[in-house]
Amino acid sequence: MSEVTAKGKAAKKASYQLIGLSTEKKNEALGKIAKQLIIDKDFLIKENEKDLEDGRKKGLSESILDRIMLNGNRIDDMAAAIMLLIDLNDPIGERLETIEKENGLLIKKQRVPIGVIGMIYEARPNVTIDAATLSLKTGNAVILRGSSSAKYSNIALVSSIHKALENTEIPVEAVQLIEDTSRETAKELFHLNDYLDVLIPRGGKNLIETVIKESTVPVLETGAGNCHIFIDQTADITMVEKIVLNGKTQRPSVCNAIEGLLIHEKWFEENGVRILELLDEKGIELYGDEAVCSSFPRAKTATEEDWSTEYLALKLSVKTVKGVSDAIDHINRYGSKHSEAILTRDEQNAYAFLNKVDAAAVYHNASTRFTDGFEFGYGAEIGISTQKLHARGPMGLPALTSSKYFIYGQGQIRE
């Protein structure tokens with residue numbers, strides 16, 4: 001029996017043991033995980049340094065190394081996020097609907113765990129903790145399959161989770177890590193229908209597309225973040241500078257950072273060079289259309305590929321548009337349905353943008369960097385869904401539940 005099959009079988013068995021476990025018991029286990037991360041902090045950082053050293057030898061970019069890195073503050077943040085998760089309402093058992101039939105049947109629709117969640121992800125070891133703790137809070141077992149770039153970190157983190165669970169009501173087998181990061185194990189996970197109820201990919205465009213195309217297990221799609229800000233004609237220059245810089249530079253390696261900037265041609269005539277100079281001063285490589293390159297020779301000519309690229313680095317495509325309709329058309333063609341923003345004082349244009357742009361999160365006069373489970377009040381998140389079925393946007397606890405009908409009778413039969 002392969003590692004993937006064995007761990008899938010163990011996770012399935014554990015998922016049945018989680019059914020009916022009280023919120024108090026689940027929260028107790030989560031609290032122990034948070035404490036164990038702090039206890040193991042030095043060990044976790046030491047193991048993470050192995051991944052960083054390997055990454056440097058392989059020539060990984062600084063943005064990827066940043067995503068892999070664990071330090072004291074980040075581990076503290078992970079533990080703090082778990083404590084916030086404990087305070088959140090447990091959705092399991094929530095009554096969604098009650099139907100009383102004339103024949104006396106009582107039908108109740110309630111939230112229940114999905115069962116076994118598969119998580120395949122790249123780089124970020126914090127996903128190991130997010131996925132495990134969110135799954136356990138909702139009564140799900142989880143099978144984790146990280147990438148080779150964070151192998152040592154993920155093994156260490158799951159070791160901490162297992163130590164914490166040893167003296168709890170949650171079986172250790174409820175959190176499984178596929179340590180073999182070869183393509184073969186990924187392919188096997190794609191077809192683990194006997195044990196997996198859903199598979200969630202979290203990473204770059206290539207990973208997500210591969211999972212969607214090859215998996216026979218149902219996929220909860222999380223999308224790459226080709227996010228945009230549209231500067232409308234009436235946008236305030238001070239607000240523009242603040243929000244655009246935050247959207248691009250606060251943390252360029254994350255999926256809710258902006259990759260494209262669309263500028264109303266009238267606004268560009270008055271303020272375009274100023275904003276481009278500001279971006280250039282921050283070390284951002286600019287890829288622009290003809291108007292941008294003519295006004296700012298340091299910008300490189302954008303290709304068709306640039307408009308749809310998630311750079312995850314200090315790079316930005318810049319295009320001038322005739323108005324809000326052009327901006328909407330561009331985003332709906334090239335965007336990844338993640339997060340999009342309009343900066344404007346025109347309420348009608350804002351209304352059109354927010355309603356017609358096809359994205360999970362749309363913003364008026366605010367940075368796209370807020371598309372995040374913590375910022376939305378969900379605690380940690382398991383990913384940001386860009387699909388339209390079951391869950392969309394930051395996926396917190398409710399997204400990891402299914403529903404079930406409970407029907408109570410007194411001997412009724414159907415005539």
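Modeller: Before anything else, please keep in mind that this is a predicted model.

Biologist: Which residues of α2 are buried, then?
Modeller: They are Lys26, Asn27, Ala29, Leu30, Gly31, Ile33, Ala34, Gln36 and Leu37. As background, an α-helix has 3.6 residues a turn, so residues three or four places apart point the same way.

Biologist: And what span should α2 have, at 1.5 Å a residue?
Modeller: Helix α2 runs over residues 23–39, and its 17 residues should span 24 Å, which agrees with the 24 Å between its end C-alpha atoms.

Biologist: Switching to charges, how many salt bridges does a search of the whole structure find?
Modeller: The search finds 20 salt bridges. One of them joins Asp40 to Lys163, with 3.0 Å between the closest N and O atoms. Asp40 sits in the loop between α2 and α3 while Lys163 belongs to helix α7, so this pair ties together parts that are 123 residues apart in sequence.

Biologist: Is Asp40 buried or exposed?
Modeller: Asp40 is buried, since its relative accessible area is 7%, whereas Lys163 counts as partly exposed at 36% relative accessibility.

Biologist: What does Glu241 form a salt bridge with?
Modeller: Its partner is Arg274, and the closest N and O atoms of the two are 2.6 Å apart. This pair links distant parts of the chain, with Glu241 in helix α10 (residues 237–249) and Arg274 in helix α11 (residues 265–281), 33 residues apart. Glu241 is buried, with a relative accessible area of 17%, while Arg274, at 44% relative accessibility, counts as partly exposed.

Biologist: Which residues are linked in a network of salt bridges?
Modeller: The network is made up of Lys337, Asp358, Lys388 and Arg392. Within it, Arg392 and Asp358 form a salt bridge whose closest N and O atoms are 2.9 Å apart. Arg392 lies in the loop between β14 and β15 (393–394), and Asp358 lies in the loop between α15 (347–356) and β13, so far as sequence goes 34 residues apart.

Biologist: Now the opposite case: where is Lys108 placed, and what is the nearest side chain of opposite charge?
Modeller: Lys108 is in strand β2 (residues 106–113). Lys108 is buried yet has no salt bridge, and the nearest side chain of opposite charge is that of Glu100, 8.5 Å away. Leaving aside neighbours within four places in sequence, the contacts of Lys108 are Arg95, Glu97, Thr98, Lys404, Tyr405, Phe406 and Tyr408.

Biologist: Last one, which residues make the nonpolar surface patch?
Modeller: Phe370, Phe376 and Tyr378 make a nonpolar surface patch of about 270 Å². Phe370 is in the loop between β13 (361–364) and β14 (384–385), and at 41% relative accessibility Phe370 counts as partly exposed.

Note on methods:
Residues are numbered from 1 along each chain as its sequence is written. This is a predicted model: local features need pLDDT of at least 70, side-chain atom pairs count only at pLDDT 80 or more; totals for chains, interfaces and linings use all residues. Side-chain values use heavy atoms; hydrogens and water are left out. Helices (H or I, at least four residues) and strands (E, at least two) are DSSP runs, numbered from the N terminus. Buried means under 20% relative accessible area, exposed over 50%, partly exposed in between (1.4 Å probe, protein chains only). Lys and Arg count as positive and Asp and Glu as negative; His and the chain ends are not counted. A salt bridge is a side-chain nitrogen of Lys or Arg within 4 Å of a carboxyl oxygen of Asp or Glu. Contact means heavy atoms within 4.5 Å. The expected span of a helix is 1.5 Å times one less than its number of residues. Patches are made of residues with over 30% relative accessible area and no salt bridge: like charges are joined within 9 Å, nonpolar side chains (Val, Leu, Ile, Met, Phe, Trp, Tyr) within 5 Å. Accessible areas come from the Shrake-Rupley method with a 1.4 Å probe; for residues, only the protein chains shown count as cover.
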